[in-house]
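Hi,

Here is the structure I promised to pass on.

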Amino acid sequence: MLMLLGMFGIFAVVIILGLFILYIVGLWNLFQKAGRKGWEAIIPFYNTWVLVEISGLAWWYALIIMLSSLISIKDIENFDFIVSIASVVATFFAYYNISKKLHKDVGFAILMTLFPVIMIPLVGLSSNYQFDDSVVVSEHGPIQNGTTQMDTSNAVHNGCFSDNTNQKNFCSYCGNSLDSNSKYCGHCGKEIK
């Protein structure tokens with residue numbers, strides 16, 4: 001029985017280690033898609049700072065996200081629940097902006113917040129997700145001047161007003177920007193579909 005528990009423990013450690021490595025590889029690729037260095041993904045706390053930077057949030061959101069980890073390390077009671085909630089909200093704001101830059105909706109941001117170990121590798125390793133840095137986002141995620149950006153984005157999709165000024169085309173194979181009339185990517189040579 002003890003040997004069975006030991007084997008189960010080793011199996012669990014291998015699975016957790018594999019998921020962690022997959023997450024780091026996905027984050028590495030996501031950073032590269034956003035124009036950052038991939039190695040920034042492997043440095044604890046700094047990777048959170050970079051994630052907030054590429055999301056376009058104000059710098060202090062990174063501190064809120066990191067504060068949760070620091071409080072759990074120090075085991076400070078009475079603040080951990082409040083800080084954890086603030087950290088989850090700040091993380092959602094970062095993923096909300098990143099989802100917009102990936103041309104995805106709020107549901108995608110929720111999935112990224114709840115399941116980052118699955119979603120970050122999916123976004124980082126798939127050629128279906130290209131980072132569009134030309135998308136304008138708020139430095140406070142979905143909150144902008146007392147209203148939510150989600151309200152105005154629905155108006156754009158419903159044709160109430162146009163937001164065509166910052167649209168760019170990107171190659172679905174390598175992610176490089178394209179001219180609007182390109183038939184082939186100037187970087188990788190693939191045909192644009």
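**What I found**

Setting aside neighbours within four places in sequence, Ile42 is in contact with Ile24 and Trp28, where contact means heavy atoms within 4.5 Å. Ile42 sits in the loop between helix H1 (2-33) and helix H2 (46-55). Helices here are DSSP runs of H or I with at least four residues, strands are runs of E with at least two, and both are numbered from the N terminus. Ile42 and Ile24 are 18 residues apart along the chain, and their C-alpha atoms are separated by 6.6 Å.

Before you go further, some housekeeping. This is a predicted model, so local features need pLDDT of at least 70 and side-chain atom pairs count only at pLDDT 80 or more, while totals for chains, interfaces and linings use all residues. Residues are numbered from 1 along each chain as its sequence is written, and side-chain values use heavy atoms, with hydrogens and water left out.

Now the overall picture. The protein has seven helices and four strands, and along the sequence they follow the pattern α-α-α-α-α-α-β-β-α-β-β. Of its 193 residues, 33% count as buried (under 20% relative accessible area; exposed is over 50% and partly exposed is in between, with a 1.4 Å probe and protein chains only). If you take the contacts with a separation of 6 or more, 48% come from residues 24 or more positions apart.

On to the inside. A nonpolar core is a set of buried Ala, Val, Leu, Ile, Met, Phe, Trp, Tyr and Cys residues joined through side-chain atoms within 4.5 Å. The largest one has 20 residues, and Leu27, Leu51, Ile54 and Ile98 touch the most other members. At least two residues of this core come from each of H1, H2, helix H4 (80-101), helix H5 (106-114) and helix H6 (116-125). H1 gives the most, with five residues. Not counting residues up to four places away in sequence, Leu51 touches Leu27, Leu30, Phe31, Tyr95 and Ile98. Apart from that core lies another, of 13 residues, including Leu57, Ala58, Ile65 and Phe92.

Two helix pairs are worth a look. The axes of H5 and H6 come within 6 Å and cross at roughly 120°; axes are lines fitted to C-alpha atoms, for helices over the stretch in contact, and angles run from 0 to 180 degrees between N-to-C directions. That makes H5 oblique to H6 (under 35 degrees is roughly parallel, over 145 roughly antiparallel, 65 to 115 roughly perpendicular and the rest oblique). On the H5 side the contact is made by Phe108, Leu111, Met112, Thr113 and Leu114, and on the H6 side by Pro116, Met119, Ile120 and Val123.

H4 and H5 pack at about 135°, with their axes 8 Å apart, and are therefore also oblique to each other. H4 brings Val88, Thr91, Phe92, Tyr95, Tyr96, Ile98 and Ser99 to the contact, and H5 brings Val106, Phe108, Ala109, Ile110, Met112 and Thr113.

Last one: where is Pro142? Pro142 is in the loop between H6 and strand E1 (143-144). With a relative accessible area of 4%, Pro142 is buried. The C-alpha atoms of Pro142 and Val106 are separated by 9.1 Å, and the two residues are 36 apart along the chain.

Cheers
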